[in-house]
Amino acid sequence: MRFTVKREELLKGLNSASRAVSSKNTNPVLATLKFDLTEEGLFVLGSNGDYAIRTKIPYKDAEGANIIRNYEFGSVLINSKIVCEIARKTTGEELTFEVLDSTVVNISDSKKAEYQLNCIRSEEYVDFDLDTEGTSFELPTSLFAKIVEQTAFAASTKDQRPILTVVNLEAADGVLTATATDSARMARKTTTINPDLSFSVNVPAKILVEIEHLAEGSESISCYINSRRALFTFGDTVVSTSLISGEYPNTKNIVPKVTNYTLEVNAKDLMSSIDCAIVLSDDKESAVELFMSPEAVDVTSRSQQQGSSKQKVEPFRFEGQNFRVAFNSQFVIQAINALGCEDVTLLFVGEMKPFVIKNPADDSIVEVVTPVRTY
């Protein structure tokens, strides 16, 4: 195997594929990137065993100029961290790779750098399914990003209950519903989809966030769902991930159908008041209290060591009798940010009942937060 490649183009591919390589993996094969030069171009594949990212570097750019030249087909495994550092730190415009035998690869730039690295035969790499099979649909990248941004933040980041670390994607009756919950809050986003599609899968939230970043600049994302994997393609990149098995929690009845208190307020004003109030909060949940009446809306916090704080929220519109609720401040701030609107509506049932945060102009997104107890 041999090829000379534009360093900047190679670095783009390495930066994408290497994101799937875990520094914590003890398997030396999974610490590598797979380089596979074929008639189509140079494919660079990285994986941690559960998900993989493969990107293609073509032989020529859009103007027809060479990206890869002086080549001979073949494949090899090279340590991900080292090859990325070489591509990042060398200064030549091109890098030349030449596999001397099955265990050594020579890398040199167009100026003065030269490296001889131990490598691994490509046959030892993990067999990863990158076939575009199963139920398929396509989403504009902007819509995919919105779905992820408005839901994934509510998934759990702890591995004790893997089913809570996912975004559940469910298609039924022409509606795609994305749901995330860590059991203390929930985010749900709906959008129209082909009415013939029907599935329910649990995709790791962190992978969807990764795809959102990688796909920036592409027009659309093609999605392929089967019983074991979800695969996403955009531009010259493919991302494949294992699904999380198990039944997703029933969140369909979490949103209350009847509420007793309604607060409408400017989103930035409410977040600013919460942010100012938590200066004195000293508990792990950064809990604050929201007091509402027809005359005033206040955000308060208390600390036995530091004192107390009260922030007025103006202007507002409140319906209901005097009401007080305490909540995790970060949960509410993240929910409001996800809505991305100027004004928000908060709907309450009772002090310890989950409450709803909505964009009054968009029913496709709903956020639910469970109150906390304060003493």
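This is a predicted model: local features need pLDDT of at least 70, side-chain atom pairs count only at pLDDT 80 or more; totals for chains, interfaces and linings use all residues.
User: What do I find at the start of helix 6, and what follows the helix?

Analyst: Take the start. A side-chain oxygen of Asn 328 comes within 2.9 Å of the backbone nitrogen of Gln 330. Now the other end. Gly 340 follows helix 6, and its phi is positive, near 60 degrees.

User: Where do the buried residues of helix 3 lie around its axis?

Analyst: Start with the general idea. An α-helix has 3.6 residues a turn, so residues three or four places apart point the same way. Now the case. Helix 3 covers residues 141–149, and its buried residues are Thr 141, Phe 144, Ala 145, Ile 147 and Val 148. Viewed down the axis of helix 3, they fall within an arc of 160 degrees, so they line one face of the helix.

User: What covers the buried residues of helix 3?

Analyst: The cover includes both strands and a helix. Among the strands are strand 10 (135–140), strand 12 (175–181) and strand 13 (185–192). Strand 15 (220–225) and strand 16 (229–234) are also included. The helix is helix 4 (205–214).

User: How do helix 3 and helix 4 cross?

Analyst: Two packed helices are described by the angle between their axes and the distance between the axes. For helix 3 and helix 4, the axes come within 10 Å and cross at roughly 145 degrees. The crossing is left-handed. Phe 144, Ala 145, Val 148 and Glu 149 of helix 3 meet Leu 208, Val 209, Ile 211 and Glu 212 of helix 4. By class, this contact has 6 nonpolar, no polar and 2 charged residues.

User: Which residues of helix 1 and helix 2 meet?

Analyst: Helix 1 brings Arg 7, Leu 11, Leu 14 and Asn 15. Helix 2 brings Val 83, Cys 84, Ala 87 and Arg 88. The contact holds 5 nonpolar, 1 polar and 2 charged residues. The axes of helix 1 and helix 2 come within 9 Å and cross at roughly 145 degrees. Helix 1 passes helix 2 in a left-handed crossing.

User: Is Thr 90 buried or exposed?

Analyst: The cut-off for buried is under 20% relative accessible area. Thr 90 counts as buried because its relative accessibility is 5%. Thr 90 sits in the loop between helix 2 (80–89) and strand 7 (94–101). A polar atom of its side chain lies 2.7 Å from the backbone oxygen of Ile 86. Leaving out residues up to four places away in sequence, Thr 90 touches Arg 7, Leu 95, Asp 109, Ala 113 and Tyr 115.

User: And Pro 28: buried or exposed?

Analyst: Pro 28 counts as exposed because its relative accessibility is 56%. Pro 28 is in the loop between helix 1 (7–17) and strand 2 (32–37). Pro 28 and Ile 120 are 92 residues apart in sequence, yet 9.3 Å apart in space, C-alpha to C-alpha.

User: How many helices and strands does the protein chain have?

Analyst: The chain has 6 helices and 26 strands. Of its 375 residues, 52% count as buried. Its C-alpha atoms fill a box of roughly 80 × 50 × 40 Å along the principal axes. Among contacts between residues at least 6 apart in sequence, 64% join residues at least 24 apart.

Conventions:
Residues are numbered from 1 along each chain as its sequence is written. Side-chain values use heavy atoms; hydrogens and water are left out. Helices (H or I, at least four residues) and strands (E, at least two) are DSSP runs, numbered from the N terminus. Buried means under 20% relative accessible area, exposed over 50%, partly exposed in between (1.4 Å probe, protein chains only). A polar contact is a pair of N or O atoms within 3.5 Å; within protein, one must be able to donate a hydrogen and the other to accept it, and residues adjacent in sequence count only if both atoms are side-chain atoms. Contact means heavy atoms within 4.5 Å. The arc is that of the directions from the helix axis to the C-beta atoms. Axes are lines fitted to C-alpha atoms, for helices over the stretch in contact, and angles run from 0 to 180 degrees between N-to-C directions. A crossing is left-handed if the near helix is turned anticlockwise from the far one by less than a right angle, and right-handed if clockwise. Ala, Val, Leu, Ile, Met, Phe, Trp, Tyr, Cys and Pro count as nonpolar, Asp, Glu, Lys and Arg as charged, and the others, Gly among them, as polar.
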